Amino acid sequence: MLKSVLDYLEQSEERFPGKAAVVDILGCDTYRELADKARRVGTFLVGKKLESNAVVAVLMDKKRDAFAAFWGTTYAGGIYAPMDCHAPINRLSLIFQVLKPAYIITDAEHREKASELVGPDRIILLEEALKTLPDVGCLQEIQRGRIDTDPLYIICTSGSTGVPKGVVISHRAVIDFTEEASEAMDFSEKEAFANQAPFYFDASVPDLYCTIRNGATLHIIPAEWFSFPIRVLEYIREHEINAIFWVPSALIVTANLRALREVDVTCLRKIMFCGEVMPVKQYNMWKKYVPDARYVNYYGPSETTYASTYYVIDREFQKEEALPIGRAAVNTGVLILDEEDKLCQPGEVGELCIRGSGVALGYYNNPEKTAEAFVQNPLSPCYRDIMYRTGDLVCENELGEIMYVGRKDFQIKHMGYRIELGEIENALSSCDGVERVCCVYRENKIVLFYEGTVEEQNLRKRAEESLPEYMLPQIYVFMKSMPMNANGKIDRVYLKTAPVAVV
Amino acid sequence: MERITGVLDEIMNGQEYVDCDDFLEAGLLDSMDVMDLVEKLEEEFDIEISGRDIIPEKFKNVESIVKLIESYVGEL
């Protein structure tokens with residue numbers, strides 16, 4: 001019975017011991033090597049008396065060794081929590097106040113940063129841990145006591161109040177996602193993935209687990225390479241990468257910097273994306289240069305383990321259209337509920353709520369926030385049935401596909417009308433010369449921040465062409481570049497208070 | 001030269017870059033900045049920079065960017 005992701009690792013180790021599991025620019029670990037390193041780290045942590053389900057923070061850049069730290073923590077029965085090494089120390093301290101990790105696993109490069117967070121007795125250098133001889137019997141004993149609802153990892157997301165939230169994800173949730181994705185996307189040992197997302201970000205979850213489950217190979221691409229994507233594409237071509245799970249931003253930059261024109265990456269067969277809206281303009285550029293790949297638009301918050309719905313793109317889209325987010329993944333339940341918690345009819349906009357094994361165990365050490373977002377399904381009052389309220393507004397189109405409309409929190413009432421700021425953004429982001437737009441509501445005015453070479457008058461014209469009068473932005477603010485928050489999304493909180501003359 | 005530093009001033013947003021030998025290594029340019037920079041340079045000099053030229057070596061520092069632009073418009 002499949003109850004732990006360690007079963008994935010051990011099965012692949014048995015089937016493909018000498019095959020490359022994970023490759024970075026410094027070298028490669030085969031399945032046997034990866035499993036051996038993981039057991040060494042696991043044995044070391046057991047020696048350190050790591051308690052069951054204790055948190056182990058991993059402070060490292062993305063590289064092969066991070067895998068050894070994650071899998072080693074898992075062997076020892078702990079919960080791994082990947083950290084952003086580049087985050088300011090204040091933010092890391094806030095996270096540590098919430099997670100209270102038993103140990104930090106780090107490397108020589110980040111040892112000093114680690115020592116600003118915890119005392120020396122709680123810092124583990126990975127290279128030290130790797131010197132431990134694996135005690136297989138002891139690790140097996142630990143695994144015997146574990147169940148699939150035990151936590152596997154914690155991913156931190158920003159909270160609206162400024163205190164980060166740690167999303168706790170179980171083995172069962174990851175297995176649920178990985179099994180479904182592997183079947184739906186026909187993954188096998190032939191897959192060669194190129195990782196883009198940092199490991200502290202939920203977008204890397206398929207890279208980690210779809211790779212190991214299928215005996216495939218993961219190539220870790222350094223983050224800084226994405227500033228000049230030609231190099232990334234050359235790597236893809238040289239290493240015959242055939243599958244990627246990237247965030248739309250990375251696909252957008254690659255398209256806009258004309259890298260696709262220069263390097264033939266038709267070796268890519270499966271191109272999957274998730275995390276934000278993928279604009280049709282850049283999708284069409286990819287489609288032009290890599291026409292035969294399968295493109296999949298995934299949707300889902302970290303709270304439901306990478307993704308809950310997806311759409312395999314099966315028709316052509318014009319740039320002013322939006323890509324659907326598709327239908328619920330197998331074994332995932334989605335409900336679209338109106339303000340009275342009644343099911344929406346097709347075409348009606350409501351909040352997307354998600355049920356199923358992929359739903360997180362909650363926010364670590366934060367019962368209040370957990371209770372707000374993970375709630376009883378109002379449609380089944382007679383037994384425990386937890387759903388996650390995404391705060392995302394969606395509706396079903398005439399084909400039965402779910403369309404993303406915007407965030408619930410960005411719904412405003414303006415001159416008596418109910419307006420989704422996301423709708424204004426969608427209307428204007430397809431305008432020629434627009435890189436990004438963000439709409440906020442300040443002092444009873446709709447303010448549009450925009451980035452790109454577009455002239456304000458053209459934007460106004462487009463707005464007038466596509467929106468009712470009450471939805472027209474009153475103030476247009478050109479931004480050299482949009483402010484981003486720690487999660488790499490547009491910082492709306494900042495834009496709501498940025499010093500702009502709102503008259 | 002001033003036209004290039006004018007563009008860079010905008011992108012760098014107050015970061016000290018003039019004496020920097022390697023923008024990328026110093027963490028001064030992320031992927032969004034590169035996207036902006038290419039666009040602004042193209043606008044300023046009315047050129048289209050080939051994808052082949054959008055590589056780290058050509059955007060290393062002020063000098064290399066000047067050289068890159070000169071390869072399109074002649075000596076500045």
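In the predicted model, residues 24 or more positions apart account for 61% of those contacts in chain B that have a separation of 6 or more. The secondary structure of chain B consists of three helices, with zero strands, and its order along the sequence is α-α-α.

The overall dimensions of chain B were computed from the C-alpha atoms. Along the principal axes, the C-alpha trace spans about 30 × 25 × 20 Å. The radius of gyration of chain B is 11 Å, which agrees with the value near 11 Å that a compact globule of 76 residues would have. Of the 76 residues in chain B, 22% are buried, a residue being counted as buried if 20 or more other C-beta atoms lie within 10 Å of its own.

Chain B also touches chain A. The contact involves 17 residues of chain B and 15 residues of chain A. On the side of chain A that touches chain B, at least two residues each are supplied by helix 11 (248–256) and helix 12 (259–262) of chain A. Helix 12 of chain A provides the largest share of this side, with three residues. By residue class, the side of chain A that touches chain B comprises six nonpolar, five charged and four polar residues.

Technical notes: Residues numbered from 1 in each chain as written. Chains lettered and ligands numbered in written order. Predicted model: local features only at pLDDT ≥ 70, side-chain atom pairs only at ≥ 80, totals over all residues. Helix = DSSP H or I, 4+ residues; strand = E, 2+ residues; numbered from the N terminus. Rg over C-alpha atoms; globule rule 2.2 N^0.38 Å. Buried ≥ 20, exposed ≤ 12 C-beta atoms within 10 Å, placed from the backbone. Contact = placed C-beta atoms within 7 Å. Nonpolar A, V, L, I, M, F, W, Y, C, P; charged D, E, K, R; others polar.
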